[in-house]
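This report is meant to be read alongside the sequence and the coordinates. It moves from a single side chain to the helix pairs and then to the nonpolar core.

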Amino acid sequence: MGFNLKGLILGSKGRFAEAVESFERAVKIVPEDVNYSFNLGEAYFKNGEFGRAAEVLEKISSLVVEPSMREKLDSYLKAMKKRSVGVS
């Protein structure tokens, strides 16, 4: 899917806001693709949009079985949880 690939390229260049836009379009077209949703959540996280990242990543959490993706997802969720605890 072109939008997902474009998002990956933009993200690799540190252009996370633009990557988010591409991943959002990919997820809109193929909402059942866990990889696209994960990429969107990761881009939100890297763009500092932690609420949106948590929403997306928690939604797909039970569907992620690939070990490296699972590890990243868990680390992002843990980091966001730590952030929200430290903010109070």
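In which helix is Asn 39 found? Asn 39 is found in helix α3, and the model in which it is placed here is a predicted one. At a relative accessibility of 11%, Asn 39 counts as buried, because buried means under 20%.

When its neighbours within four places in sequence are left aside, Asn 39 is in contact with Asn 4, Leu 8 and Phe 23. Asn 4 and Leu 8 are among the residues of α1 that make the contact with α2, and Phe 23 is one of the α2 residues in that contact. Asn 39 itself is listed among the α3 residues that meet α2.

## Helices α1 and α2

Helix α1, which covers residues 2–12, packs against α2 at an angle of about 160 degrees, and the two axes are 8 Å apart. Because an angle over 145 degrees counts as roughly antiparallel, α1 is roughly antiparallel to α2. The crossing in which α1 passes α2 is left-handed.

On the α1 side the contact is made by Phe 3, Asn 4, Lys 6, Gly 7, Leu 8, Leu 10 and Gly 11, while α2 contributes Phe 16, Glu 18, Ala 19, Ser 22, Phe 23, Arg 25, Ala 26 and Ile 29. Sorted by class, the contact of α1 with α2 contains eight nonpolar, four polar and three charged residues.

## Helices α2 and α3

The packing of α2 and α3 has an angle of about 155 degrees, with the axes 9 Å apart, which makes α2 roughly antiparallel to α3. Here too the handedness can be stated: α2 passes α3 in a left-handed crossing.

The residues of α2 that take part are Phe 16, Ala 19, Val 20, Phe 23, Glu 24, Ala 26 and Val 27, and those of α3 are Tyr 36, Ser 37, Asn 39, Leu 40, Ala 43, Tyr 44 and Lys 46. By class, this contact of α2 with α3 divides into ten nonpolar, two polar and two charged residues.

## Helices α3 and α4

For α3 and α4 the packing angle is about 155 degrees and the axes are 7 Å apart; the two helices are therefore roughly antiparallel to each other. The crossing of α3 past α4 is left-handed.

From α3, the residues Val 34, Ser 37, Phe 38, Leu 40, Gly 41, Glu 42, Tyr 44 and Phe 45 meet Phe 50, Arg 52, Ala 53, Val 56, Leu 57 and Ile 60 of α4. The contact of α3 with α4 is made up of ten nonpolar, two polar and two charged residues.

## The largest nonpolar core

The largest nonpolar core has 24 residues, and among these Phe 38, Leu 40, Leu 57, Ile 60, Leu 73 and Met 80 touch the most other members. The elements that give two or more residues to this core are α2 (16–29), α3 (34–46), α4 (50–60) and α5 (67–87), and the largest share, seven residues, comes from α3. With residues up to four places away in sequence not counted, Leu 40 touches Val 20, Phe 23, Glu 24, Val 27 and Val 56.

Leu 73, another of the core residues that touch the most other members, lies in helix α5 and counts as buried at 0% relative accessibility. Not counting residues up to four places away in sequence, Leu 73 touches Phe 38, Leu 57, Ile 60, Ser 61 and Val 64. The C-alpha atoms of Leu 73 and Glu 42 are separated by 8.1 Å, although these residues are 31 places apart along the chain.

Ser 61 has its place in the loop between α4 and α5 and is buried, with a relative accessible area of 19%. Once its neighbours within four places in sequence are left aside, Ser 61 is in contact with Arg 70, Leu 73 and Leu 77.

Ser 68, by contrast, is partly exposed, with a relative accessible area of 42%, and its place is in helix α5. The C-alpha atoms of Ser 68 and Ile 29, which are 39 residues apart along the chain, are separated by 25 Å.

Technical notes: Residues are numbered from 1 along each chain as its sequence is written. This is a predicted model: local features need pLDDT of at least 70, side-chain atom pairs count only at pLDDT 80 or more; totals for chains, interfaces and linings use all residues. Side-chain values use heavy atoms; hydrogens and water are left out. A nonpolar core is a set of buried Ala, Val, Leu, Ile, Met, Phe, Trp, Tyr and Cys residues joined through side-chain atoms within 4.5 Å. Buried means under 20% relative accessible area, exposed over 50%, partly exposed in between (1.4 Å probe, protein chains only). Helices (H or I, at least four residues) and strands (E, at least two) are DSSP runs, numbered from the N terminus. Contact means heavy atoms within 4.5 Å. Axes are lines fitted to C-alpha atoms, for helices over the stretch in contact, and angles run from 0 to 180 degrees between N-to-C directions. Angles under 35 degrees count as roughly parallel, over 145 as roughly antiparallel, 65 to 115 as roughly perpendicular and the rest as oblique. A crossing is left-handed if the near helix is turned anticlockwise from the far one by less than a right angle, and right-handed if clockwise. Ala, Val, Leu, Ile, Met, Phe, Trp, Tyr, Cys and Pro count as nonpolar, Asp, Glu, Lys and Arg as charged, and the others, Gly among them, as polar.
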